[in-house]
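Colleague: I should like to understand the terms applied to this structure and the values behind them. Please set each value against its definition.

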Amino acid sequence: MTRQSTPQRSIFSASTVLDAIASELTIIKHEDGLTDADIGRVLGKSEDQAAKYRTGLAEMGAVAFAAAKREWNGRFTGAF
């Protein structure tokens, strides 16, 4: 008897999420001529923290994520 297996789900990759956020913030930074301080103001974070998000060195919290989504809707999180 052949058993029908359930479809295998892809593995959720936190590093892929961080890379996507970093890439999108970097593109927005260059396209809009922003600094990390400018990005930080939008996100309610410091320049240093914004730079960490932009380089994939820190995980972005829900409030900062929502602020970025609101500000750059369509250009932020398009990878998701």
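Colleague: What makes the pair Thr77 and Lys69 a polar contact?

Modeller: The side chains of Thr77 and Lys69 are joined at 3.1 Å. A polar contact is a pair of N or O atoms within 3.5 Å; within protein, one must be able to donate a hydrogen and the other to accept it, and residues adjacent in sequence count only if both atoms are side-chain atoms. At 3.1 Å the pair therefore qualifies. This is a predicted model, in which local features need pLDDT of at least 70 and side-chain atom pairs count only at pLDDT 80 or more, while totals for chains, interfaces and linings use all residues. Residues are numbered from 1 along each chain as its sequence is written, and side-chain values use heavy atoms, with hydrogens and water left out.

Colleague: Why is Thr77 called buried?

Modeller: Thr77 has a relative accessible area of 8%. Buried means under 20%, exposed over 50%, and partly exposed in between (1.4 Å probe, protein chains only), so Thr77 is buried. Thr77 lies in the segment after α4; helices are DSSP runs of H or I with at least four residues, numbered from the N terminus. Not counting residues up to four places away in sequence, Thr77 touches Glu24, Phe65 and Lys69, where contact means heavy atoms within 4.5 Å.

Colleague: What is the largest nonpolar core made of?

Modeller: The largest nonpolar core has 13 residues, and those with the most contacts inside it include Leu25, Ile39, Met60 and Trp72. Such a core is a set of buried Ala, Val, Leu, Ile, Met, Phe, Trp, Tyr and Cys residues joined through side-chain atoms within 4.5 Å. At least two residues of this core come from each of α1 (14-32), α2 (36-43), α3 (47-54) and α4 (62-71). The greatest share is that of α1, with three residues. Met60 has contacts with Ile21, Leu25, Leu43, Tyr53, Phe65 and Phe76, leaving aside its neighbours within four places in sequence.

Colleague: Is Ile21 buried or exposed?

Modeller: Ile21 is found in helix α1, and with a relative accessible area of 6% it counts as buried. Its contacts, not counting residues up to four places away in sequence, are Tyr53, Met60, Phe65, Phe76 and Phe80.

Colleague: How do you know that the length of α1 agrees with its number of residues?

Modeller: The expected span of a helix is 1.5 Å times one less than its number of residues. For the 19 residues of α1 this gives 27 Å, and the end C-alpha atoms are 27 Å apart, so the two agree. The buried residues of α1 pack against α2, α3 and α4. After α1 comes Gly33, with a positive phi near 65°.

Colleague: Why are the buried residues of α2 said to lie on the same side?

Modeller: The buried residues of α2 are Asp36, Ile39, Gly40 and Leu43. They cover an arc of only 100° around the axis, and so they share one side of α2; the arc is that of the directions from the helix axis to the C-beta atoms. These buried residues pack against α1, α3 and α4.

Colleague: What makes Asp36 and Arg54 a salt bridge?

Modeller: The closest N and O atoms of Asp36 and Arg54 are 2.6 Å apart. A salt bridge is a side-chain nitrogen of Lys or Arg within 4 Å of a carboxyl oxygen of Asp or Glu, so the pair qualifies. Because Asp36 lies in helix α2 and Arg54 in helix α3, the pair ties together parts that are 18 residues apart in sequence. Asp36 is buried at 10% relative accessible area, and Arg54 is buried at 16%.

Colleague: How many salt bridges are found in the whole structure?

Modeller: A search of the whole structure finds four. One of them joins the side chains of Glu31 and Arg75 (3.0 Å, N to O). Glu31 lies in helix α1 and Arg75 in the segment after α4, so this pair ties together parts 44 residues apart in sequence. Glu31 is exposed at 54% relative accessibility, whereas Arg75, at 33%, is partly exposed. Another links Arg41 with Asp38, at 2.3 Å between the closest N and O atoms. Both residues lie in helix α2, three residues apart, about one turn of the helix.
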